[in-house]
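The sequence and structure come first.

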Amino acid sequence: MSAPRDQFAEVDQSVLAVAEEPAVSGSQAFSVFFERRRAARQLVLDVLVARDGQRCQGCGYLPPDPGRLEIDHVLPRALGGTDTVENFQLLCRRCNRRKGHLRPDQWHAALARDSVAVMAALRVTMAAAAAVRPRIPSVEHAVLAAVVARVTAAMRLWDDVYVADIAVAAGVVDAAGEPDTKETGRRLRALRDRGLVVYEPSSIRGRPSRLGLHTAGTAMSGGGDL
Ligand SMILES: [Zn+2]
């Protein structure tokens, strides 16, 4: 038996142990029940993040907190899938909803169609950028290129990004040579207002903003905030 398989079996046993602890009666019963569920979920989450990374296995979404990913049955329970770590994967909420009870092969076919949609959306975005080129300064092209490169690098429609990273990539700096997030944010909003990108600035300090592409005229967003 390989080491990872042993590790998964260990986690499966731990989850079962959490579930099978003697019941507590009285007013504490509900809180104990939910605490056990939380502990079991955390165990599975930890081992899946160690195995696959902190990413949605459908679209590649990298959440700031792995708790925003959902535990999915690769082979749905309705089709005979088991409650074991080997049959679990992490998906973002959007991918989990779209996957539903699809078999793995049906799900992979759906993801392949998504890739075609992303490439089509990218071509539309780049054509739109080229069309407005004479009217926008080159620095805005740098911002747009950084956005497009980042969003499409992993064949995704959207991403969580720090505006400071975009500022660095685009070379937008203030008089002191520091990344100018205010100016970069203004330019991102201008790109959004032109319909070139989807941009949802974070209203919370330290939280990433969200950037994306349009596809088929619809702004796609992802992650756990649908
Ligand atoms: Zn996803």
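What percentage of the 226 residues in the protein is buried? Buried residues make up 26% of them; a residue is buried if 20 or more other C-beta atoms, placed from the backbone, lie within 10 Å of its own.

## Basis

This is a predicted model, in which local features need pLDDT of at least 70 and side-chain atom pairs count only at pLDDT 80 or more, while totals for chains, interfaces and linings use all residues. Residues are numbered from 1 along each chain as its sequence is written.

## Overall fold

The protein has 7 helices and 7 strands, in the order α-α-β-β-α-α-α-β-α-α-β-β-β-β along the sequence. Helices (H or I, at least four residues) and strands (E, at least two) are DSSP runs, numbered from the N terminus.

Two residues are in contact if their C-beta atoms, placed from the backbone, lie within 7 Å. Of the contacts between residues at least 6 apart in sequence, 56% join residues at least 24 apart.

## Asp-72

Asp-72 belongs to strand 1 (residues 70-73). Asp-72 counts as buried because it has 21 C-beta neighbours inside 10 Å.

Beyond neighbours within four places in sequence, the contacts of Asp-72 are Phe-88, Gln-89, Leu-91, Asn-96 and Lys-99. Gly-100, 28 residues away in sequence, is 9.3 Å from Asp-72, C-alpha to C-alpha.

## Nonpolar cores

A nonpolar core is a set of buried Ala, Val, Leu, Ile, Met, Phe, Trp, Tyr and Cys residues joined through C-beta atoms within 7 Å. The largest has 13 residues, of which Cys-56, Leu-91 and Cys-92 touch the most other members. Helix 2 (29-52) and strand 2 (88-91) are the elements that give two or more residues to this core. Apart from it lies another core of 12 residues, including Val-161, Ile-166, Val-172 and Leu-211.
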